[in-house]
Amino acid sequence: MTTCLIPAWFWAATLGVLGLMVGSFLNVVIYRLPAGLSVVGRNSPSACPGCGHRIRAWENIPLLSWLALRGRCSGCKNPISARYPIVEATTALLFAGVGLRFASDPWAIPAFLLVAALAVALSGIDIDTYTLPDKLVAAAYLGGIPLLVLATVLGASDTSALVRAAVGLVGSALFHFVAWCVYPRGMGWGDVKLSGALGMYLAWLGWGPLVVGVFGSYVIGLMVALPVLVRRRSSVAEPVRGALVGSDGEHDADLDAAIADRGIPFGPSMFAGLVVAVAVGEALWAGYLRAVGLV
Ligand SMILES: [Zn+2]
């Protein structure tokens, strides 16, 4: 193990602030990429779409401005979507978590910051559009492979981590491919493409995190899907529900219809499994082995 002089709290604080700024950019990616718009142009709206109020610099600070404005435009008091601060705060928390987790092996930080940013962008886009854009999935491989090699060569891991990562990539992709063949409604082809990159990251950490991450994504996916499936079943008895309830209910009915039509996006569950596995996968796996008497 390498000794690092930079304390964990410093990594967490610095990367948390970086995460706020990156999260602000990811809001743009989530909004613009599926629409086929350039993400490198103007990175924020310059005026309120409701009243045309020009957004000043202090009103454009990630998270803080939204809180200071209490989620409303300072001109017309129309609500500003909570999704912007949620994306920024989530990115900041994930970045700070990467800092805490890898403070003792900081060469691994760039690789895991990349996957944290992709987790936020891809989850947001998957929830919006039921797709995982190839550009971002490709970035997980084209960025993740060199960064994990860098982390291995310069950091605390030995080359066996790279062998594991290669096995994890192929193994996870094959596993999800079979799952997709067996139950194509449960996940999309984009999930299969993404699963190799996530398996690579998980196995780079160890076999325990790989198992916890893959298994965890299915557990989380089921926990998300079951209430929706139950609600959908009960809503069959009320085919006119959407016409009877108010505007919020109509939105729900639309969402139910979309879900019935297209399934439930699995990408966010895959990333949630990854987060759990990176944070506590090794400990969960060791605890499981002890519980079943294998160690
Ligand atoms: Zn306004």
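This is a predicted model: local features need pLDDT of at least 70, side-chain atom pairs count only at pLDDT 80 or more; totals for chains, interfaces and linings use all residues.

Trainee: Which residues of H3 and H4 meet?
Mentor: On the H3 side they include Val87, Thr90, Leu94, Phe95 and Val98, and among their partners in H4 are Ile109, Phe112, Leu113, Ala116 and Val120. The residues of this contact divide into 11 nonpolar, 4 polar and no charged.

Trainee: Why are H3 and H4 called roughly antiparallel?
Mentor: The axes of H3, residues 83-101, and H4, residues 109-129, come within 9 Å and cross at roughly 155°. Angles over 145 degrees count as roughly antiparallel, and H3 and H4 are therefore described in that way; their crossing, moreover, is right-handed.

Trainee: What makes a set of residues a nonpolar core, and which residues have the most contacts inside the largest one?
Mentor: Its members must be buried residues of the nonpolar kinds listed for a core, joined through C-beta atoms within 7 Å. The largest such core has 65 residues, and those with the most contacts inside it include Phe95, Val98, Phe112 and Ala116. H4 gives the largest share of this core, 13 residues.

Trainee: How many of the elements are helices, and how many are strands?
Mentor: The secondary structure comes to 11 helices and 0 strands, and of the 295 residues of the protein, 35% count as buried.

How values were computed. Residues are numbered from 1 along each chain as its sequence is written. Axes are lines fitted to C-alpha atoms, for helices over the stretch in contact, and angles run from 0 to 180 degrees between N-to-C directions. Helices (H or I, at least four residues) and strands (E, at least two) are DSSP runs, numbered from the N terminus. Angles under 35 degrees count as roughly parallel, over 145 as roughly antiparallel, 65 to 115 as roughly perpendicular and the rest as oblique. A crossing is left-handed if the near helix is turned anticlockwise from the far one by less than a right angle, and right-handed if clockwise. Two residues are in contact if their C-beta atoms, placed from the backbone, lie within 7 Å. Ala, Val, Leu, Ile, Met, Phe, Trp, Tyr, Cys and Pro count as nonpolar, Asp, Glu, Lys and Arg as charged, and the others, Gly among them, as polar. A residue is buried if 20 or more other C-beta atoms lie within 10 Å of its own, exposed if 12 or fewer, and partly exposed in between; C-beta atoms are placed from the backbone.
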